[in-house]
Every structure is written in structure tokens, then in C-alpha cells.
Number of protein chains: 4
Amino acid sequence: MPSSQIPVAVLGATGSVGQRFMSLLDNHPWFKVVALAASDRSVGQKYSDAARWVLDTPIPEYARDMIVVPATTDAVQAKIVFSALHNEVAKDLEPQFAKAGAAVCSNASSYRRGEDVPLLLPEVNADHVHLVKQQRINHGWSGCITTNPNCTSTGLTIALKALDDAFGVKKVFAVSLQALSGAGYPGVSSLDIMDNVIPNVGNGGEEEKVEWEPRKMLGKFIETLEPPSSAAGTSPRAGIELANIQFSAHTNRVAVIDGHTVCVSVQLTNPVEPEIAIQALRDYAAHPSARELPSSPRPVISVRDEADRPQPRLDRLIGKGMTTVVGRVRRDPILDLKFVVLSHNTIRGAAGGSIYNAELLVNENLL
Amino acid sequence: MPSSQIPVAVLGATGSVGQRFMSLLDNHPWFKVVALAASDRSVGQKYSDAARWVLDTPIPEYARDMIVVPATTDAVQAKIVFSALHNEVAKDLEPQFAKAGAAVCSNASSYRRGEDVPLLLPEVNADHVHLVKQQRINHGWSGCITTNPNCTSTGLTIALKALDDAFGVKKVFAVSLQALSGAGYPGVSSLDIMDNVIPNVGNGGEEEKVEWEPRKMLGKFIETLEPPSSAAGTSPRAGIELANIQFSAHTNRVAVIDGHTVCVSVQLTNPVEPEIAIQALRDYAAHPSARELPSSPRPVISVRDEADRPQPRLDRLIGKGMTTVVGRVRRDPILDLKFVVLSHNTIRGAAGGSIYNAELLVNENLL
Amino acid sequence: MPSSQIPVAVLGATGSVGQRFMSLLDNHPWFKVVALAASDRSVGQKYSDAARWVLDTPIPEYARDMIVVPATTDAVQAKIVFSALHNEVAKDLEPQFAKAGAAVCSNASSYRRGEDVPLLLPEVNADHVHLVKQQRINHGWSGCITTNPNCTSTGLTIALKALDDAFGVKKVFAVSLQALSGAGYPGVSSLDIMDNVIPNVGNGGEEEKVEWEPRKMLGKFIETLEPPSSAAGTSPRAGIELANIQFSAHTNRVAVIDGHTVCVSVQLTNPVEPEIAIQALRDYAAHPSARELPSSPRPVISVRDEADRPQPRLDRLIGKGMTTVVGRVRRDPILDLKFVVLSHNTIRGAAGGSIYNAELLVNENLL
Amino acid sequence: MPSSQIPVAVLGATGSVGQRFMSLLDNHPWFKVVALAASDRSVGQKYSDAARWVLDTPIPEYARDMIVVPATTDAVQAKIVFSALHNEVAKDLEPQFAKAGAAVCSNASSYRRGEDVPLLLPEVNADHVHLVKQQRINHGWSGCITTNPNCTSTGLTIALKALDDAFGVKKVFAVSLQALSGAGYPGVSSLDIMDNVIPNVGNGGEEEKVEWEPRKMLGKFIETLEPPSSAAGTSPRAGIELANIQFSAHTNRVAVIDGHTVCVSVQLTNPVEPEIAIQALRDYAAHPSARELPSSPRPVISVRDEADRPQPRLDRLIGKGMTTVVGRVRRDPILDLKFVVLSHNTIRGAAGGSIYNAELLVNENLL
């Protein structure tokens, strides 16, 4: 635990994920929001005027009268910078903040595939955070960029990690039923989703993310990774070896406010009965350095016994929205196991995930 | 086309599927509803008083003042009897009607697995209808029982049939997002589905149906099937040889009124590119004897080109709700192809399907 | 009935009301769509590419391949021009078309309060259509502008007309529960309306419309209206004397796709029992010249007897969406009567209303 | 504050209001749940097995393993008995508990009109609670029955109280948009409310309640009320003189999970501008004895300035669901003021209200 509160900032603070950041940072034991930035339209306004608040908890008192500043390294000075920026904007701005010395904890997808950028779920791959050392060497930054995965990859990867550690995972079918808040605000038109399902998310890019991101997070952190042969002459350096798991994903949007549900079928290296798998899921514990942080999920995974759970409305707030909820673990007639995963997409899968990443950086003395 | 209108009856006429029967039989060119039966509570009432009408088209004029009778072979005299009964009730009553000489076209699941009962989608397996001859021999009935499949199996099987004919299908992953009307009325409580998904349908039996029924419909009708070895001494007789395809299904309930969406991944015997598969789906034509019936879907399969279709609200009424709508045909990273299937669950998947079956019986002179 | 089909055009054809126009004009017995215009972004595209179709009936075949043109009097040449334009755009463009000789039948609110512009519900005030003669004199136009009211005013005014004719109406309380399609597309964000009600529509302007528009439509058409005293020296001319009825309105947005519900309490000049009022509503017939047009509602008003009707999902399509549905007519403890009115907001309350107005113009030889 | 925890019980603990009681009593500073009763079907089961939990907060730990007992005075022994019973059952059972010495705090409507039964909103009419003394005299009970109003009357009456105290209220129009949870579980079928509004609640009884209950709560507690003339010979006794206010109510069910919205127009004895009324609403303070109780709303009334608030999803949890939220206070063209009231129907309007009543009884030494 840090000796004094660490100054943090939120970029993109007025959007729906930005609002979750502001809400989750209210009374945070380690962090104090000292700046919040948004687009030109909002700059100079009080936060309570600039943000069209959409959460069902009230706008935090500390934030109401803060003045929105532009997202520049001059205007925003903080040790940790949370990024709820759109991807294109994030791509430009995040390196500027890293160069200026800030630890950028980003929810944007721009740098998730960066070979020196950790893609983090602390309960899964806390050790990957040390990749920022290589990143600093590569770019000469005093700050750094860390990322959290796509909201659908999040719960899926946490559940798979427990199974992979115990039995090995070889193949994964995943079909998502994703919540509306994942599309931001105003996001999905009511006329598009009332009495309806949209069998595609994010113009198709979503499925590629779900098929790739878990492989990075379930991959191995290697201190001296051989460079690709095309990079002859380059010396070995730290990197991530992608997990050798095959993924197939279908992503769908459904009429749910918060909470992504994913139907999963998996093939295991060492197949087991559902009861054994349930025990492994229940017993799963985060890496020690990610276990006792302020945002650590308690428990990491909750396994429901009921035949019709998890359900987003009833289960998304388990563990304050940080817990991954699994249910209906049963045999799969083609692969080995079927189950359902639920994760709160704007808490565990977005703002809460970035904050948890920042806590891990603090805990590992990587600020 | 029959020379005069054929008298038909509807059992379970007041429920939500019963209402679809009544609506679809309004102005049917071949059939005339002469009796409608429901539970004791409704008997003796006018249909318009007994049925809590839930469709968005008005109650048909012909039906308003018909008096509900009990579901007995005395009270209901008709050449064709449509059954929208609950499974337990159907189990008892349908054989009585078959014995009494009626062709029972049932939406109930009670006899779908019967080895002498055709499970029919006329555009898929019209030839299976001749299994009723064996059924009549076995039971000494002058009538017969035919069934239509579960509403989620319906669209899935039709799409698979086109692919199976063209390329061979080996493995199928299917995840459904099913509409509320599939649960009948009052069915799903609003408190259970608003802002929610229920990751289970029908107490679990649904997934078994989706994993088994397509195998029967995609199976071969064999005039002289060898009896199982345990039935030594029995002579060969007509039957269905299940298709050798593996299925894995997850079924979910979502906040949609009508229209079941299914996300499907398939492995083919002869893998092809998506464009070839799309062509095969578009070209698929029903068996000749099922092509020109009053309820024949036109087209059998509609393939959408848009990246976010089919969608239940926008596409469920294509082909008057009898067409199977397919979209997003693309490569699957583990198996061969991924796609999405949409089918109207109370029209193609229930009442409309039973009526189509009845038309096939007429066309094949099997009444 | 005209001797040959009349060429018509739709301005703003790609929006949600524009789509309704295109759909309702499919196979219209009198009108043939010869041009469709939309914003610059769409010009030059095929209609099927330019319009993001949101209706649950398919895009009409006749329209699929029509090329979108700009909304100018050069590009759009038609006897009748239907306007689904936004108000600001309509304000500029509609007079240009009227000047160029077209009969503009507008759904926009820009000219509803114009003292020489008829605000029309043909079943209510068909005689007001002759105000276009004064309009032509005032502006020297060969064409003209007619308007239909706000979608919430529509059903309310039709029900009030029946009561006003029979008993006189003095005061009206109206609280609306309005559908999402009234806000256009994308319109209301799903995050704003799921599990929610928005107690305000259109930034407040809606309530003023509902409190004023019915007074014009229920007012008297006077051939030689005295000019206002402030206009000394002006000669008498035709105009509308507003009805002397007081209105108070609250407007709300609810999670319904189509169909505006309005809860109404009224004070009558000659109070009557509910049964008498019901009879007057049922007996109400449109002005003879509005009775037998292609879009005439049949019946004008449908009164439901059930204690829980009308309901938007079940009753909005009565009379092909042109009928006004009334229910729950009962005593009001403060005023005289309470009742509920339902009207389809994009059919009777928008595109269908404009088309009905155009038919009236034809029937009255006012083109 | 009581010197030790008071033993309380919940009747009807498994239903949706019963669940709210269990949830709100978790960690209550004064009360400890010692018994919970439900229907025969549930008796003998653990609470976590008997209740189909529908709240989005988890079932409280204290309650999970409690065994459900029958709702008899033998099985349920507690100083305070909270009743979430259905009205017919409540009618029989509540007097038995009052006779046996318990203070029954009931959410049922059975005794709300009882002339010696207080109908309580502590922030409105805390003084009425002393009517239980007369009740005890009348029946010879050591216990008593108190009631809280219908969920729609609740917020409405609280807002009216602030205006009535300041300016006098003469007439009230109220149109409700009520949440689904008000109908209990399973309550409203999803097929009845998706894409729909039901313009009637509770088979019509709801409107009568909303038109009558506020008059009792806004009425005067009179220690020696003259008996009605028909009761000649009866001596004066304590009672409530109904407020001389006229009400007209329309009640509607909408697709909202929790939170009743009411559109209100009022006539005042001393008409004022909206800003003055807003100030009176903001300044309203509860009766001193109801101000500092554990469930006292803080604030009693929250007035929103935004043009589109209150909204149920965003505002129902203000003040932990006990605050009445008012917005859109503006002039009414017929009466004097229009505004919108929002109140959480199962917290302030049901379980929370009963608990607040119980706290008042304790504070006034009336146990």
C-alpha cells in the first residue's frame, strides 16, 4: 500500500467507460483523481455539466465541480493516466503520456497487440506486467502503457486460465451475448435492439479480438524471447509467446444493459468430468501479487450451481462487478466441456480492469 | 389440390401456438376449421372469450364465435387434427385420434423420437412422410401421427440440409438465442428477462432436442431397416437411419418476442469457401412434392449479405415467416464455416410447420 | 378516383418516416413514386443502399433500385410532394416546391401554425383543406402546402372530435406514452430507454404542440375571417378560428417501438354517461369527402371493451394502422370522462396521414 | 434508539416484496429477523431454497439457512411482524398477530381503509400513528396493525404533502407509469409488456386506491372525532378526517423493473410560480419524530433541475430508494402546476415503507 495517495487522471472522462472510471475511483484507497480530460466540446465545463451521466449510481461528489481539461500532457499531470479514449485518439495520445512519464492504463484496443505492451488481467497473468521494462528500453520512456483486454475476452480468459492451469486447454468455441453499455453512449439505437438481437458487434472486429487476445494473456512471458527470423541481427528480448489454443468466436448484441454472457465449449488436453472442472474453477487463485489489491475480485471465480445461472441482471454485481461468474458446467458432446461465463463489461471488462492493472503496477513498483 | 375443403381441428387452440394455428388457417385454400378444443376451463365458451389473444393480428372472424369443445374423439371429428397440446397431454390423446382415423399433425415433442413417427420438415425430408405406412401397420390405425421438430432445430436443420446435400456435414456447434413466444403464455416472467438473458431453455431438455432431432431429419428413410439386434426375430421394416453428424448445443432465452437466432459452426466432409456455401444455400430447393404446397416457403432459404443480418425483428417475416434466413456465412478458425440462422419459431417452427406437414400428407395421398 | 396514376415524390425518403412513406405508397391505387430525395450523403445511391431499412416489412421492390436525388425543384418533379424532412429543412424547401406547382403534403411541423396552412386530419376537418385557396392567393403559388399534426395530437384529436360533435368538449388532460419510432433513427439510445421512462419528448416542444394543434383542427373554417385588430386595413379572408378548449399535456417516451398511447380526461359541455360516449365514438363517421379514400380508416374509431385495452403491440395495426383505437371509457372524478387513445404514430400519425391528406386534395380537385 | 435489538419476523418472505424486506433488514441497526414465514409449499425449507431470489443484490447471508415456518402466531413469535402477504391472506392473519401482541407493519391493502388503522408515510403523517391506541381500545389488542399505502400513492402523497402544507392542494390529476416489480413474481408475462404498455393495473382497483389513499394520509388526525350520524349513541373517538382534495387517476404498466413514475397536475388554494413550489418541495422536512430514524429518507424530496428527469433507472436509488424524486415542475394551463414524481415501488413504496413505519412505532413507544 502506497504511503500517500497517488495522483491519477482520466482521459475520455465523460463517456460511458469514463463515467465508470470516475465512479470506481470515488474513495479509492490509493488513488486520487487530480485531472479529467475530454474532447474540446467539454473542455472548460464542470464535469457535472459536461458528462451526460448514465450510471444508476449518482455522479460522485468529488467530481461534480472539477473542470474538464484538454487531453494534453501539459494539462494533465498525474502519475497514472487512465485512458477511456477511442482507439484512434488513444493511438496518438497514449505514447505522448508514456513519454511524459505517466503510467498509462488503457482500456483502448490500440496497443493490445503491441509486442512490448502487456495485455493484463492481473488474476491471470500478473507476471506479464514486467514487459513494461522492455517497453521502456525500446522507446526510452519513463512512463509506460499497459492495456486490459476487450470486455468479452475478459471473463472468458479468466475462466479458461483456471482450466488451462489444471487440465490444459486446446480448443475453444465461444458465442457471446453482449450488453449495450459495451457500445458506449449513445451507442446502439433503441430501434435496433428492442425485440431484437444483432448478430454482430463492432463491425466484425470483435470476433478477431476474442479469438486472439486470450492467446496473448494465456501465453508465456519470456525474458529472452528469440527475435523473429525476419529481424536478423536483433538481440533476444522479453516478450510473450502466444498460447497454442484455437479459438472460434461468434459475437452478438442483446438487450441487456450491463454484463456480457458467453457460451463456451472447450477441448482439454487432459479431459475431466464437470465436477472436477468446477472444483478447479472454484479453487482458482490469482497470482499472489494480484490477490490482495483494492480491486482484486473476491472470489476470482464464482461458480453457480443453479441450472439457469449466471444471468446478467442477477449476477453481474457479484464481487462488486469484478468477479467472473461461471455456471452450467457440463459435458460437451463434441469437445469436452460446455459452460457459461458472465462478466460485468464496464467494471471487470473495462474501467475496473484498468484500475486493477494500475494497482498491480504500484504493487510491483513499476510506476 | 384437394377437390373440396378438408375439415380440420385444432387441439389446444387457446394457447399461443394454438392461436397461430387459428390465424394461419384463416382462409387456408385446402383446410376448413370445423372444431377447436381446449382444456375444461374453456369448454363451452366462445373462442374469443376463451382465448387471451396475444398475436398482433386480430383474432380471425371465422373463429370468434366458435364454441370450444373438449379434446375427445367424440367431440372433435375432422380428417386432420392439429395438436398444440402440452407434451404430457399429447402423449395420451394423440394416439386416440390416430386410432379414430385422424391424421394428427403435432407440434408436441411426445412422439418425435418414435421409430415409426415421421419428424418432418417437408423442404428437408418429405420422403420420410411415408413412414406413416409402417406406423399404421404397427398400430392398426387408420389415422396417423406426424410431428414437426423443436423450433430451434427447425431453421438449423434446413440450413444444414442444404450444406449436407452439397458438401456433407460432420460436426455442428449451435448456440441459440430464443424468443419468448417459444415458452408459451404466460411463459417467461417479465422480471426474468428484462435487462437479462436466461442461459437455459426448457429445464435443459432443449439442448438434447437440438442435438438429436436434426440427426433424424437428416437421416435416411429406409424401407427395410434391419431391426436392432436386441429385437431378434423381428423382421425388417421401414425406419429412419440417423445421420452420422455430431451436435453440440447451448440454448438461451433472450428478450425477443418472435424469431429464434442460432449461431452455427460446422465441419464439412468436403470443405468449401464461404461463397460456395452461400450459393448452395441460395440454390437449395425442397423435394418436388413439398415445393408447391400452400405453405411452402418462398424461398426455402434467404441468404442476407449484410454484415449484421439476419435480425429477428427485421427478418422473421420473410416468406410469411416460413423462410429460413441465413447470414454472416464466413470461415470458422476451428471447423470450416460459421453462420447465423433465423427462423420464426411459432410460424415455421411450430404451427406453420404442422400445417405444411398436413399439406404434404394430402399431396402424398396419405390421409 | 383519378383517371391515371399521379406522379408523386418523397423528400427525406431514407429516414424512418420516409421509409413508411415508401412502404405505404407501394401499390397505391392513385399514386406512383417518380422521385425520392434525401440528403447529400445519399444522393446518387440506390435507395436500397442509401436507406438503413428499419421496418419489419421488406423494402418495396419498386424502390430498391431508384436513385436518390437532391431535394430540389429541378431534380424532383411531381404533382404531389410528400415531405418527411426535418423542420428546419422543411421550412426552406417546402415553399419552393409549392411555388413550383407541387402540392406539398408535409409531416414536418414548420407550417402547422401558418394561418393559411391547413392542419389536416381528413376524418376530422376535411373542410379545412379549402384553406389552400387563400394560401395560393396570399403567396401567388400554383402549388400549396398542407400539413398533418404531431403524432400525439393525431389520435387524441380524432377521439375528441367525436365527443365534441356530440357533447361539446371544454377541457382536456392528456398524458402520452410515446413510441420510440417517433424520434426517428437512430433517435433514442437504447441505454436511455431500457428499463426506463423518459418524462419528456422533443426537448419540451411536444407538449406545446399537443396543447395547441387540436384547437386548430377542432376549430371552424371561416371563409371571411375578420383580420386581427392589429392588422387594420386588411380585408377579411379565409382562416381557422381556434376551438375554445383548454388543454394540458404531459408527454413521455416509453419502450415501445410503434404506437402512441394517450391517457385522457375530458370535461364536456353536456356531460354524459360512459356508455353514451362510447356509442358516439363508435358511430363517428368522417366527413363524406374523406370517407371513401384509399387511406380512409375503417373504422375511424374502434372502441375496445376489454379492461386493459388498447395496447400498442396488440392494437396499433387495427385498420391497417389508420384507425384510432379507444378504450377504458369511464367516469372521471374531477372532469367527466376518462379514456385511453392509441394511434400508430408513423402510419396514422405521420406518413399515412400525409398520404390521406393528398388523397383528400385529389378528391376535392385541389391539385 | 432501542437498548437492544428487537426481534422481528417477515410473513410472505419468499415473494418479491418479502425479498426486499429480507434484504433491507440485513444489518438493520434496531431489528433482528428471528422468523420468516411463507406458504405451505415452502415451510420446512431453507430460505435460500424456498425463495426464487429476484433482486440484483445477493440473498443476505443471515437469511440463507433460516428455515421457513408457517404464518401462525405459534410459529412466528416476534415483537414486530412485517406482512408481505396477499390481501386475502392478510385479512385473516394480521388481526391474529395483533391480538397475539405483535405490531403488524403491513404492506397489504386489506386494512388501509380501516377507520382505526393508521395508513402511514412517516415523513407525511407521523402523528397518525397514535391512532393505534384507539385501535387497541376497539379490539382489546395488545399488538396493533399499521399499514403503508399503495406504491403509486406513496411518492405522489409525499410530494403533495409539501405543496399542501405550503399552498393548499385542491385538485390532483395523476397518471402513473408503473414498474413490473409492483405486480410481484412471476407477475406480468414478458409477452404482455415487451414493446407494449398495459393501460390498467391490478384489474382496476389501483386507480381507486390512488384516488382515496392520499386523502387519508393528508387528512387530519382528530383525537375525538364525532361518530357518523348513523352510529347514534356511539361516543366520539380518535380518527382521521379525510382531506378535502379531489383526485383523478389513470394507472399504466410499463416495461420498467423498479420505480413508479407519476405525471401530476395540481390545483392549489394559493397558486404560486413553479420556482416557489420547487423551493417548498426542497425545503420539506418530515415531522421531527420521523426525521432521524434508520430508514428516514435523506433528503425526503429531491428536486431535479434537468428537463428530462426524474427517470426510473437513473433516479430510483436516490436516498437508498427512500427519497421521493420530483422534476419538471412547471405551469399547468388548466390547473396550476404540472410535475413528475418518481418513487422506488418496492423500497419506499413497499418493504422500506413498512420498516420505516416500524421504526416510528418504536420511536413513539408504541410497541
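**Ground rules**

I number residues from 1 along each chain as its sequence is written, and I letter chains from A and number ligands from 1 in the order in which they are written. Since the model is predicted, I take local features only at pLDDT of at least 70 and side-chain atom pairs only at pLDDT 80 or more, while totals for chains, interfaces and linings use all residues.

**Entry 1: the five-stranded sheet of chain A**

I looked up the strand order. Five strands form an open sheet, β2-β1-β3-β4-β5 of chain A, with parallel pairing. My strands (E, at least two residues) and helices (H or I, at least four residues) are DSSP runs numbered from the N terminus. I call two strands paired if DSSP finds at least two bridges between them.

Which strands stand at the edges? They are β2 (31-37) and β5 (144-147) of chain A. Each has a single partner strand, so one side of each is left without a neighbour in the sheet. From one strand to the next, the twist averages 25°. I take angles from 0 to 180 degrees between N-to-C directions, with axes as lines fitted to C-alpha atoms, for helices over the stretch in contact.

I then checked β1 (residues 6-11) of chain A. Six bridges join β1(A) to β2(A), and the two run parallel. A:Val8 stands opposite A:Val33 of β2(A).

**Entry 2: the six-stranded sheet of chain A**

This open sheet has six strands in the order β9-β6-β10-β13-β12-β11 of chain A, and the pairing is mixed. The edges are β9 and β11 (301-303) of chain A; each has a single partner strand, so one side of each lacks a neighbour in the sheet. Neighbouring strands are turned by 20° against each other on average, direction ignored.

β6(A) and β9(A) pair in the parallel sense over eight bridges. Here A:Ser176 stands opposite A:Thr251 of β9(A). Helix α7 (residues 151-167) of chain A packs on this sheet. I found α7(A) touching β6, β9, β10, β11, β12 (324-331) and β13 of chain A. The direction of α7(A) makes about 30° with that of β10(A).

**Entry 3: helix α6 of chain A**

Which residues of α6 (residues 131-139) of chain A are buried? I list A:Leu131, A:Val132 and A:Gln135. Buried means 20 or more other C-beta atoms within 10 Å of the residue's own, exposed means 12 or fewer, and partly exposed lies in between, with C-beta atoms placed from the backbone.

Down the axis of α6(A), the buried residues fall within an arc of 95°, so they line one face of the helix. I take the arc from the directions from the helix axis to the C-beta atoms. A:Gly140 follows α6(A), and its phi is positive, near 70°.

**Entry 4: chain A against chain B**

I superposed the copies by least squares on C-alpha atoms of residues with pLDDT of at least 70 in both. A rotation of 180° with 0.0 Å of shift along its axis puts chain A on chain B, at RMSD 0.0 Å. That is the relation of a two-fold axis.

How many residues are in contact? I get 36 of chain A with 37 of chain B. Contact means C-beta atoms, placed from the backbone, within 7 Å. On the side of chain A that touches chain B, β9(A) gives the largest share, five residues. 100% of the interface residues of chain A are also interface residues in chain B, so the copies meet through the same surface.

Definitions and conventions. Two residues are in contact if their C-beta atoms, placed from the backbone, lie within 7 Å.
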